[in-house]
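These are my notebook entries on a protein model. I set down what I looked up, in the order in which I looked.

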Amino acid sequence: MPEGDTVARQCRILDEALAGAVLTACDLRVPREATADLVGWTVSEVRPRGKHLLLRLTPPAPGPPPLTLHSHLMMDGIWHVDGKALRSSDTSAGPRSPDTLRILLEATHADGRQVRAAAYDVKQVRVLRTADEEQLLGSLGPDLLDPAWEEDPSLRERAITNLTAEPARPLGLALLDQHVLAGIGNIYRSELCFLRRLHPAAPTSAEKDPGVLVDLARRLLVLNRDRAVRVTTGGMLGRDGDLWVYGRGGKQCRRCRTRIERGELAEPRLEGTEARVLWFCPWCQAGPGAPPATGRRRHR
Ligand SMILES: [Zn+2]
């Protein structure tokens, strides 16, 4: 599942390709927006909000309010620009079947340059008034990649407040909840729990310094925003050494050589199978709140 850094990267590339261009074709292949006609509208910018992608448009003539074409990558969504997939380590970049095409945009710049952008397998496609974005996304937690993060300390404060609001909730579930923090997906929640040496099933109250966790989450997303391959280990471990635990079930922990375990966590309010599976080191993450280990063994 794409994480906030992937969405931010795809938005940056789309923004570079489309901002300032006038749409000459627009095909939205979803029932609720099939009749939307955005030809003649100008793309003003493409911006991420957590894992949501917002393509903002200004009208061809004064009158109608600015609009936003909203979409979400969900599990498998991917954008192509001029036929080239905006690949990343968490989206398979293989060829997509035409029947998964959901958005097709053609646009022309003032200098005559033409651009074609296509989105496959994206979900939640809708056109709304830009002024109504907040109505749609206002319940999201602070966006870890919000450009205002450094200047506006209230974002970090709100992130900490949200994260600690339910002390008994498992940390591995709170981190994935976009209403707590926006931008973390399944990869980062496993990696963050490992880096903080906390079991994903441990209650959030086991994190004694939630500010450090929030800062770490933001640092990882910022670090990986412009990279095609995600790294949480500092990149010093060579080939196949990009992640600590995610997807490494049965392999040795890079820190203590215990076998990494694959676990599941679920709660009804977090939908989707991606919310369940996670990975952890039963030795490194045996701190406060960890469930009793089954067959924990250190392999030296
Ligand atoms: Zn370990």
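Entry 1, surface. I looked up the accessible surface of the protein, which comes to about 14000 Å². Carbon and sulfur atoms hold 51% of that surface. I note here that the model is predicted.

I then asked what share of the residues counts as buried. Of the 300 residues of the protein, 51% do.

I located the mean positions of the 43 positive and 38 negative charges, and they lie 9 Å apart.

I found six helices and eleven strands in the protein. The radius of gyration is 21 Å, close to the 19 Å that the globule rule gives for 300 residues, so the protein is as compact as a globular protein of that length. Along the principal axes, I recorded a box of roughly 65 × 40 × 35 Å filled by the C-alpha atoms.

I considered contacts in the protein with a separation of 6 or more, and 63% of them join residues 24 or more positions apart.

How many disulfides does a search of the whole structure find? I recorded zero. I checked Cys11 in particular: the closest cysteine sulfur is that of Cys26, and at 17 Å it is too far for a bond, because a disulfide requires sulfur atoms within 2.5 Å.

Conventions. Residues are numbered from 1 along each chain as its sequence is written. This is a predicted model: local features need pLDDT of at least 70, side-chain atom pairs count only at pLDDT 80 or more; totals for chains, interfaces and linings use all residues. Side-chain values use heavy atoms; hydrogens and water are left out. Helices (H or I, at least four residues) and strands (E, at least two) are DSSP runs, numbered from the N terminus. The radius of gyration is taken over C-alpha atoms; the globule rule is 2.2 Å times the number of residues to the power 0.38. Buried means under 20% relative accessible area, exposed over 50%, partly exposed in between (1.4 Å probe, protein chains only). Contact means heavy atoms within 4.5 Å. Accessible areas come from the Shrake-Rupley method with a 1.4 Å probe; for residues, only the protein chains shown count as cover. Lys and Arg count as positive and Asp and Glu as negative; His and the chain ends are not counted. The place of a charge is taken as NZ of Lys, CZ of Arg, CG of Asp or CD of Glu.
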